[in-house]
Amino acid sequence: MAEKRKFQAIKGTRDLLPPETELWNRVEQTAREVFGTYGFGEIRPPIFEPTELFARSIGLETDVVSKEMYTFEDRDETSVSLRPEATASVCRAYIEHNMHALPQPVKLYYMGPMFRRERPQKGRYRQFYQIGAELLEALQQSQGGAKDIPKDAAIDAEVIEMVMAFFARLGLESVELDINSIGHNAQNCRPAYVAKLKAELEKVKDKLGPDSQRRMETNPLRVLDSKLESEQAIIATLPRITDHLCSDCAAQYAELKRQLGLRGVAYRENWRLVRGLDYYMRTTFEITAKGLGSQNAVCGGGRYDGLVELLGGPSTKGIGFAIGEDRLILSLQEAGKGAVAQGRDVYIAWMGEKTLATAIRAAQELRQAGLCVELPPVEQKFGKALAQADKLGARFALILGEDEVASGLWTVKTLADGTQKKMAAAEIVKFLKG
Ligand code: AMP
C-alpha cells in the first residue's frame, strides 16, 4: 500500500480561512471604497514578471532581489519571478498601455499576494498580501523644476491623507505616521549628504556591526535603518539629511508639512526614515501600528520620480505606498476591531416530504433578500434540527411542518430567547431583516 503522506502549507505561507476571510474582505472592500473616492481605479497586474523588471526597479543589490525572489525559468528559457512587490508592475503597465496619453495624473490601486523568501515570523511571511496605490504623472514640456513644488507636495499630502482615511474608516486608531524628506538625487543635496554621511561612518566603522559595515559601502543611507541596539547611540550623532536639503527640497518638505496640517493629518518627523534606491526622492513615509511587536510597519511609501523613465518610459513623476495587509489584519484583531459576523441568519427546519418544495422556495427567496440560509439536505427530527441551528449560530429557525404549509402561516423561532411567532410567508423577510 502506498505510504500516506500528509501535506502541509509551505513554511511562510498559510491558509486564510473563514471566518477570518470575512475580515480580509471587509478590509479590501473598504480600500476599494476609500481609494475610489479619491479617484483611484484598480489595476490587476500579473503575479509573475520578467526577473529583469524587478532587478532594474528594486535594484540588484537589495536583499529582496539578491536573495528573496522566487525565480524560475520559463519555457522560452527567460528568467521570471513571482512579484515581491507591485510598483514595478504598475510602472511597466503604465508604459505598456501608453497611459501617459490619458488625462494625468493616472491613479491606480492594487491588492494581492507578494512573494519574498524571508525568514518567517509573526507578521513576516513568504506569501503576504499588499494593498497599494500609485499616482503617476507624465511630465509635460511646461512642467518640472521648482514651480511644481507646491503641486507635488499637495499630491503627496493627499496620497498620505488617503491612507490615513482608510485606516480611520477601518477603526484603526493607534497608527502613527512618520515622514521624512530624502532630498533629490539629481540635484546636489542627496549626493553631498551621502558623501558626508559616509565620511562620518568611516570614523565610527569599528563600532558598527557587520550589516552596517557592509551597507556603509553599498548603501550608506540604509545604516540609518538599523535596529541594532548597540548602534543606536552612534546613529544619533550622525548628520541628518533634513539639515542638508537643497532649497527646492526644503521648500517641498515644508509645503508637505503645511499641506498635512491643512488636512488634519498628524505626523512625526523621522530623519532616519530612508529609502535605499536612487530614484526615490523627497517625500518618504511609514505608518506603524500597535500590537505587532518588532514587525510594526503597516505601510511604507514615497515619491519616485524617475522610476518610469528608468524602465524605458517617458519622464514621469510618481508617488505610491504599499500596506502590509497581513499586519493590518493582525493589528485590527489586536485592537478588538477584527470581529466578524458569524453564523447563519436562518435555519430552515422542514419536516415531512411535502414541505420540501416550500422549504426550497423559502430558502431561495430569503437568500435573494441577502440572508444567509441553511437548508438541511435531508429531513431532520425537530430536536435535531434545532440543535443543529444552535450549533451553527443561527439567529432564527424557520419551522416548516405540513400544518404550516397548509395554513400558509409559518413559525419563526428567535433562537436567542426561544420566542416563537407565527406569520404569513410574505411578512417573513421583513421580520428577519428588521
Ligand atoms: P515594502 O514593499 O518592503 O516597502 O513593504 C511595504 C509593507 O509591506 C511593509 O510595511 C509591511 O507591512 C509589508 N510587508 C513587507 N514584507 C512583508 C512580509 N514578508 N510579510 C508580511 N508583510 C510584509
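Predicted model: local features only at pLDDT ≥ 70, side-chain atom pairs only at ≥ 80, totals over all residues.
1. A polar contact here is a pair of N or O atoms within 3.5 Å; inside the protein, one atom must be able to donate a hydrogen and the other to accept it, and residues adjacent in sequence count only if both atoms are side-chain atoms.

2. Residues are numbered from 1 along each chain as its sequence is written, and side-chain values use heavy atoms, with hydrogens and water left out.

3. An N or O atom in the side chain of Gln130 is 3.0 Å from an oxygen atom of the ligand, and a polar backbone atom of Ala297 is 2.7 Å from an oxygen atom of the ligand. On its own the ligand has 480 Å² of accessible area (Shrake-Rupley method, 1.4 Å probe), and the protein covers 82% of that.

4. Now the shell. There are 13 residues around the ligand, where near means a heavy atom within 4 Å; Arg116, Glu118, Tyr125, Gln130 and Ala297 come nearest. By class, six are nonpolar, three polar and four charged; Ala, Val, Leu, Ile, Met, Phe, Trp, Tyr, Cys and Pro count as nonpolar, Asp, Glu, Lys and Arg as charged, and the others, Gly among them, as polar.
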